[in-house]
Amino acid sequence: MNRQDLIDRDAFPEKLDAWLREGSTAAPDYVLDAVLDQLPGRAQRRGRGIPLSWLAPSTAAWGAAAAAVIIIAMVAGGTALQGAPMGAGPSEPRATPINAVDLATARSLAPGRYAVPDPLPEGLSFEVPTGWFGCTPSRYEPGVCTSLGQAEIGVSFLIVDDVVADPCTGELRGAPVGPGLDDLASAIASMPGFQASAIEAGTVDGHDARTFTVTAVDRCPNLTTWITPSRTNGVAAGEANLVRIVDVNGVRVVLAGAYHPMAVGPMDAEEQRALIEGVVESVRIEGG
Amino acid sequence: MDSELVIRAQRGDESAFAALAQSAADRLHAVAHRILRDLELADDATQQALLAIWQTLPQLRDPERFDAWSYRLLVRACYAEHRRVRGRAPVRRLLASDGPWHNDAADLVADREQLERGFQRLSIDHRAVIVLHHYLGMSLEQVAEALGVPPGTVRSRHHHALRGMRAALEADARPPRRGVLR
C-alpha cells in the first residue's frame, strides 16, 4: 500500500471508520464520581408550570402598559432600548396569564401574553398589544406581526445555526459561526450590506443577552441573513432589525424585531420601533 | 436508555440520574475522546456534559430523545473545552517522511498519523459530524436531529470535513522535503 491508498475515494471512508474505532471506550471512574459529588450543589433548572390552556388575557392591563411603552419610547426619540439596561434579576411571579395558540395559523391574537412553542425553550413568553397576528414560516421561527398599511412589522423568535458570508448571494461562511453569544452577535453585526449599532451586553431575567440593531443598506434588492434549521432568512432593502440574542440555558434564542424606517405609511420609524421594543422588552423567561 | 429513569431524574431523583449517568458516561466519553483527540479533555468534557444534562434535564420534553439530546450537550462541552485550551495548545512540528513506504506496520502507523493530522485540522463542528456519523453510525438526518441543525447543514459539514481531510492527506502525500516542516 502506498500513501495514495489512504486518500483514494473508496478506501478513505473505510480507513477513517477503522481509525475512529481505535481509542477510549470507557469513561474513567473519577469522571462519574466527580459529577455525582457535585449534584447536591447543582440545582436543576425547571420551569414554573406555565399553563398551556387558553386563559383570557388582561386587555386593560396590556393596553395601559403598551401605551406607556409607546409614549416613553417616543419621548426618548426611539432610543429607549439602547439606553436602558435590560432586566437584571430573575423574573418575579406575575398574575398575567399566558396564552397558548398556534402562531403559525392564528389570524389574529387577543392582546396578552403568549408562550413560544417547542422547539424554542420552554418558559419564554412575550406580550402583544391589540392588532397583532401570528406570522410563523416554520416551527423554528415563531413570530408575531402587525400590519401598517402596505407593510408589516413584527418580532420573530429564532434558533439560528449560522450566518451567511455574503447576504447578496447567500454564500455560506467558510466555517460555521462559533457557539457563544458574542460569536453570533458579531457575525450578524458584521454582515456585509448592513449597518449595525454597537452590541450591548445585558441580561433578560438573569440570562445573558446581547442587543443591537442592523439595517440593510441598498447593496442588493434582497439580502439573506441568518440560517435557521429550516431555511435561510432574508430581509428587504432598508429593513431594520432590532436583534436581541439571549442564552436560555445553553440555547441561543434570537429575537429579531423587523421594521421599515424608510417606508411611507401610518407610522414613522420611531413609532414602528417603539411597537417592536414593546414586544421585545416584554419577553420574560420563567425558571432557570 | 430507560425512559423511566429519565423521567425520575427530571423530577430531581439523584439516584435515578446516577444510574442514567452510569449508562451514558462511556458512550459520551468515547465520543468526546474522538472529537477532542485528548483523554484529559475528554474527561473534562464528559464531566461538564453530564452536569449540564442534570441541570437542564427538566427541560427535555421527550424522554425518548434523551440519547440524541445528550450528544448535543456533549458537543457543546467539547466546544467549550476546545476553546479553553486552544490558546495554549503545544505547537506540533510535523516530520517529513522520506518514503516510499514498504512496511505494512509502518504504513498503519503512518495512516493513523496522517488521519490524526487531517482530523485535527477540522473544526469541532466538522469533527462532531464525522464522529457521530462514522463512529456511532448515525445517519446524517439523525446527526442533524442530535445536533439541532438542519440536515442540509450536516450534509454540507460532512462533505466539507471529508474534503478537508482528503486535502490535508493529499498535501502530506506530496513529495516531501527533508528536514523539519514548520
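This is a predicted model: local features need pLDDT of at least 70, side-chain atom pairs count only at pLDDT 80 or more; totals for chains, interfaces and linings use all residues.
Local features were considered at pLDDT of at least 70 and side-chain atom pairs at pLDDT 80 or more, whereas totals for chains, interfaces and linings use all residues. Residues are numbered from 1 along each chain as its sequence is written, with chains lettered from A and ligands numbered from 1 in the order in which they are written.

Chain A contains seven helices and 16 strands (DSSP runs of H or I, at least four residues, and of E, at least two, numbered from the N terminus). Of its 288 residues, 41% are buried (20 or more other C-beta atoms within 10 Å of the residue's own, with C-beta atoms placed from the backbone).

In the interface, 41 residues of chain A are in contact with 50 residues of chain B (C-beta atoms, placed from the backbone, within 7 Å). Helices H2 (14-36), H3, H4 (66-86), H5 (104-120), H6 (124-135) and H8 (151-173) of chain B each supply at least two residues of the side that touches chain A.

The largest nonpolar core comprises 57 residues, and Ala32(B), Ala49(B), Leu74(B) and Cys78(B) have the most contacts inside it (a core being a set of buried Ala, Val, Leu, Ile, Met, Phe, Trp, Tyr and Cys residues joined through C-beta atoms within 7 Å). H2(B) gives the most to this core, contributing eleven residues. Not counting residues up to four places away in sequence, Ala32(B) touches Ala42(B), Ala45(B), Thr46(B), Leu74(B) and Cys78(B). A second, separate core of 54 residues includes Leu158(A), Ile188(A), Ile245(A) and Ala258(A).

Key
A residue is buried if 20 or more other C-beta atoms lie within 10 Å of its own, exposed if 12 or fewer, and partly exposed in between; C-beta atoms are placed from the backbone. Two residues are in contact if their C-beta atoms, placed from the backbone, lie within 7 Å.
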